[in-house]
Amino acid sequence: MAREPRYDILFEPIPIGPVTAPNRFYQVPHCNGMGYRDPSGMVELRRIKAEGGWGVVCTEQAEIHHTSEITPFIEIRLWDDRDLPPLVAMCEAVHGHGALAGIELAYNGMNGPNFYTREIPLGPSDMPIITFTNDPVQARAMDREDIANLRRWHRNAALRAKKAGFDIVYVYAAHGFGAPQHFLSRRYNRRSDEYGGSLENRARLLRELIEDTKDAVGDACAIAVRISMDEMIGAAGLHREEVEDVIGLMAELPDLWDLTLSGWDNDSRSSRFADEGAQQPFVAGIKKITTKPVVGVGRFTSPDAMAAMVRKGVLDLIGAARPSIADPFLPRKIEEGRQDEIRECIGCNICVTGDMTMSPIRCTQNPTMGEEWRRGWHPERIAGKGSAGRVLVVGAGPAGLEAARALGKRGYAVTLAEARHEPGGRITRECRLPGLAAWARVRDYRLQQLNDLPNVELYYDSALSCDQILGFGYEYIAVATGSRWRRDGLARFHQAAIPVAEGATVLTPDDLMDGAPPRGHVVLFDDDHYYMGSVLAELLVAADCTVTLVTPAAEVAGWTQNTLEQAAIQRRLLELGVDIVPHRALTRIAPDGVATACVFTGGTDARSCDAVLLVTARQPEDALYLELRDRRGDWAAAGVESVAVIGDARAPGLIAAAVYAGHRYARELDAEVPVDEPPFRREIAQFRGT
Ligand code: ADP
Ligand code: SF4
């Protein structure tokens, strides 16, 4: 198929200083939790982006010097020439597909604790460092010698980047992570010398780093500046007017402006808190200040929205991190007129949790993300079937849908049976909850793909029993029957059921998703710590309930620190009037109230309420699987070769884990998978001994 002419504008080549991007699709720098520990995985991940049509493919932040590192987070390093081989490989791989390679040189300064190197962090002023974890470390105010050193280190890193083959070299002043931003900031820069005080002085380091980088590598490389337009804390922080003035001071100095918000949580807002294109108010109009190309992000997955950004003169290049993770082949699909096949990012930020937990990146929509090198999984290609057997997949949640899709692509004859009247499992139920509408894309992408696969049949209203399944005679059976929320309160705090007096109203998230919310005052006990408790608190408030949220943790939805949502969630619940009771657990539930205990002292108190909602653990719906397993003796007569349980029915977890489980089942159905050793390749640090 040919691409739609209205998208031609996205495929125009764009000169950036001495280099030219082949199109306007620009994969901005993004972390991947691989970095220096898993460099081969990093290289293959970036290569596939270029193969998928991204005209520019950038690294994550690259630590340029050992005096500034952000342990425990794992990024790439450019400390000396020994760090070059994977970067050379990345440039060659990206160039092999006609794309440009960019590198984000980062000196984190007062954002790095230096726990690995034990060097004293350097910043504009003597202040505590500004890490997520309030580390007990202070940065030292840089003197003139330190500034001269930093300029030399940055220059050396730029020269190394050029040697590696990069086409675009960044000066990083964004997200609260880059030292030049700390100098720009009135909050952190308390200097009285020529690097402090006036805006021109505070911008001096940024200007010098741009000039140095241009001087060092500007003949061959484009110099990009990544800057944050707003810290979203009002006049006390960097804000649009001030940053416009900074850009105005050096508008034509770099070859490209890459516009972001600060901190990272504001830049990578989840779909619960920001729609596609939400950054437009912060970047519109910047092109009037500079003639240099401007790139910006906005979780763009719609080619119409992207083309509109260019036509309206807001952006020259469409920046993307998450959309390129969910679908590395997004540009190619538009180019080939297959935009309906784009696997759209759902804005859940599970990708971010890779970096935040120092583990390789994973994605809810794209189960191959992070597995490109170690498992050899490609996002668009999958081996043909290795057997003539037919597959029955039971349950059309994310695990079942992905298993059926991937098996269908492999050429297997697949029957997908779903008990309910509609597909999607937990996706269909949860996407109706406040703020989670975009999650429906997990279901919709797969249904669209199944539609094009004549070898996959989908049946609704088909709650299958063990006898029925054994009677069908499928060779392979995958049970993907999901899970249900527990009603007894077992999770992390309680390992025995919470005592419930007769007549008490005890609800679970499934009850709320199935029907009308309760009335009156609801105590919500959240021992799950991810999104569900806070989302249901919103639902209850919308239904005019009074909500008290009790949690053994210090904060609501603590795990969402990893998805960058925690502060926004807590703010929203407080603004909605939810009474948040931290550090307490329910110890007894009665018809008119609950008893709670302090997690530290055990001291109890009583609170009145009309109903209790338990957001605790989930129970796998594995009865069907267990029955099939118990009847192993009947398999041969029924023609069954294997029975597997996948997704939440195996162990309740993330939606990303269910999609991954479905995909993995499809890949490994006819493969010998080792169980006594890792079923993937891994990078092993070179052992140097003595
Ligand atoms: P997962 O996240 O593992 O995909 P879900 O809970 O989202 O799990 O989906 C499981 C799906 O399986 C639900 O849509 C449910 O209706 C369906 N299901 C459960 N038991 C059966 C059964 N016996 N036959 C067919 N479908 C079933
Ligand atoms: Fe998008 Fe979620 Fe995938 Fe991240 S993990 S790219 S937010 S779908």
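A residue counts as near a molecule if one of its heavy atoms lies within 4 Å of it. This is a predicted model, where local features need pLDDT of at least 70 and side-chain atom pairs count only at pLDDT 80 or more, while totals for chains, interfaces and linings use all residues. Residues are numbered from 1 along each chain as its sequence is written, chains are lettered from A and ligands numbered from 1 in the order in which they are written, and side-chain values use heavy atoms, with hydrogens and water left out.

Now look for polar contacts, here pairs of N or O atoms within 3.5 Å. Click D648: a polar side-chain atom sits 2.7 Å from an oxygen of ligand 1. At A419, a backbone N or O atom is 3.0 Å from a ligand 1 nitrogen. How much of ligand 1 does the protein cover? The answer is 88% of the 580 Å² of accessible area that the ligand has on its own (Shrake-Rupley method, 1.4 Å probe).

**Stop 1: ligand 2.** Move to ligand 2, which has 13 residues around it; C345, C348, N349, C351 and C363 come nearest. Two elements, α11 and α13, each give two or more residues to this shell (helices are DSSP runs of H or I, at least four residues, numbered from the N terminus). Colour α11 for its three residues, the most that any element gives here. The shell's classes come to eight nonpolar, four polar and one charged.

**Stop 2: the largest cavity.** On a 1 Å grid over the protein atoms alone, a cavity is a set of points where a 1.4 Å probe fits but cannot get out, and lining residues have an atom within 4 Å of a point. The largest cavity has a volume of about 360 Å³, taken as the space filled by probe spheres set on the points. Select P29, H30, W264, S268 and A321, the closest to its centre among 29 lining residues. The lining divides into 15 nonpolar, seven polar and seven charged residues.

How values were computed
A polar contact is a pair of N or O atoms within 3.5 Å; within protein, one must be able to donate a hydrogen and the other to accept it, and residues adjacent in sequence count only if both atoms are side-chain atoms. On a 1 Å grid over the protein atoms alone, a cavity is a set of points where a 1.4 Å probe fits but cannot get out, and a pocket is an open set with protein on both sides within 12 Å along at least five of seven lines; lining residues have an atom within 4 Å of a point. Ala, Val, Leu, Ile, Met, Phe, Trp, Tyr, Cys and Pro count as nonpolar, Asp, Glu, Lys and Arg as charged, and the others, Gly among them, as polar.
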